[in-house]
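Subject: Structure handover

Hello,

Here is the structure I promised to pass on. Please open it first, then read my notes below.

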Amino acid sequence: MASEILRLENVCKAYNVGLPTETEVLHGIDLELDHGEFLALIGPSGSGKSTLLNIVGLLDQPTSGRLLIKGRDIADLGDTEITHLRGHTIGFVFQYHLLISAFTARENVMMPMLADRGFASADIEARADRLLAQVGLEKFAGNLANNMSGGQQQRVAVARALAMSPDLVLADEPTGNLDTKSADAVFELMRQVNRESGTSFLLVTHNMDLARRCDRIIEVVDGRIRA
Ligand SMILES: Nc1ncnc2c1ncn2[C@@H]1O[C@H](COP(=O)(O)OP(=O)(O)OP(=O)(O)O)[C@@H](O)[C@H]1O
């Protein structure tokens, strides 16, 4: 098996292809991420970080270049395999947690498992509770997401991202909306998951204090990786 979970070779991305407004926002990105690595992606606003994360998360496609996940070239995979990879290999945490506010913490964490045939329904609730315990929210499993603090909601989002035991978690400004103390706690939680279960993380952040506590920092400027 390849030692890297992720490899990008000369990845370019243009929006509005073929239109007069066509703009290339990623110009030949080369990047590798090892199994178990915790990488920070920094760079000015508009430099292309979210675009890059969307491509790695298989939510968008590069205009050219190669993307390999666990050694497999995405260009060789069909829609079913890509959907499977997106659901089982990659977990997502966003700045705005995107929880369902009228659902409890437990129900939110159960969602990805309910959508998957691989789980027996009897196991799903117990696994959601274990994940909530892992993020320090065992007492809040039955609380409505709406009634939790921003930091607690983001912990629920981390638990949900871990529901399918992903190899890689993509986190786009997960602490951007939080006060310093909650941001620190959510970051430490992800770091702990990374250390304990070897899950790789790709963290987009504007917070240099957090970036410095990652294994490696990559800077994107004007759609290119700055050496
Ligand atoms: N769907 C789209 N259509 C056209 N242009 C887009 C689209 N999405 C992003 N862009 C442009 O691509 C460039 C990179 O945007 P992106 O969101 O990737 O930057 P970013 O580094 O994540 O910024 P931020 O730190 O502010 O989130 C920007 O100029 C943006 O306007």
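**Helix packing**

Helix H5 (residues 150-161) packs against helix H6 (residues 180-197) at an angle of about 15°, and their axes lie 9 Å apart. H5 is therefore roughly parallel to H6. The two cross in a right-handed sense.

Some terms before going on. Helices (H or I, at least four residues) and strands (E, at least two) are DSSP runs, numbered from the N terminus. Axes are lines fitted to C-alpha atoms, for helices over the stretch in contact, and angles run from 0 to 180 degrees between N-to-C directions. Angles under 35 degrees count as roughly parallel, over 145 as roughly antiparallel, 65 to 115 as roughly perpendicular and the rest as oblique. A crossing is right-handed if the near helix is turned clockwise from the far one by less than a right angle, and left-handed if anticlockwise.

This is a predicted model, in which local features need pLDDT of at least 70, side-chain atom pairs count only at pLDDT 80 or more, and totals for chains, interfaces and linings use all residues. Residues are numbered from 1 along each chain as its sequence is written.

H5 also packs with helix H3 (residues 105-114). The axes of H3 and H5 come within 8 Å and cross at roughly 30°. That makes H3 roughly parallel to H5. Their crossing is right-handed.

H3 has another partner, helix H4 (residues 121-134). Here the axes come within 9 Å and cross at roughly 120°. H3 and H4 are therefore oblique to each other. This crossing, too, is right-handed.

The protein averages a pLDDT of 92, and 98% of the residues score at least 70. pLDDT is the predictor's confidence in each residue, from 0 to 100. For the complex, the predictor gives an ipTM of 0.96 and a pTM of 0.92. Where pLDDT is low, the predicted coordinates should not be read in detail.

**The four-stranded sheet**

Four strands form an open sheet in the order E2-E1-E4-E5, with antiparallel pairing. E2 and strand E5 (72-73) stand at the edges with a single partner strand each, so one side of each has no neighbour in the sheet. Two strands pair if DSSP finds at least two bridges between them.

Strand E1 (residues 4-15) and strand E2 (residues 23-34) are joined by nine bridges. E1 and strand E4 (residues 64-69) share five bridges. Cys12 has Ser64 as its bridge partner in E4.

E4 and E5 pair in the antiparallel sense over two bridges. Leu68 stands opposite Asp73 in E5. The E4 and E5 hairpin has two residues between the strands, and Lys70 takes a positive phi near 50° there.

**The six-stranded sheet**

Another open sheet has six strands, in the order E6-E7-E8-E3-E9-E10, with mixed pairing. Its edge strands are strand E6 (90-94) and strand E10 (224-226), each pairing on one side only. Neighbouring strands of this sheet are turned by 25° against each other on average, direction ignored.

Val220 stands opposite Ile225 in E10.

**Around the ligand**

Which residues are around the ligand? They are Tyr15, Asn16, Val25, Gly43, Ser45, Gly46, Ser47, Gly48, Lys49, Ser50 and Thr51. A residue is near a molecule if its C-beta atom, placed from the backbone, lies within 6 Å of it.

Helix H1 (residues 49-56) supplies the largest share of this shell, three residues. By class, the shell has two nonpolar, eight polar and one charged residues. Ala, Val, Leu, Ile, Met, Phe, Trp, Tyr, Cys and Pro count as nonpolar, Asp, Glu, Lys and Arg as charged, and the others, Gly among them, as polar.

Best wishes
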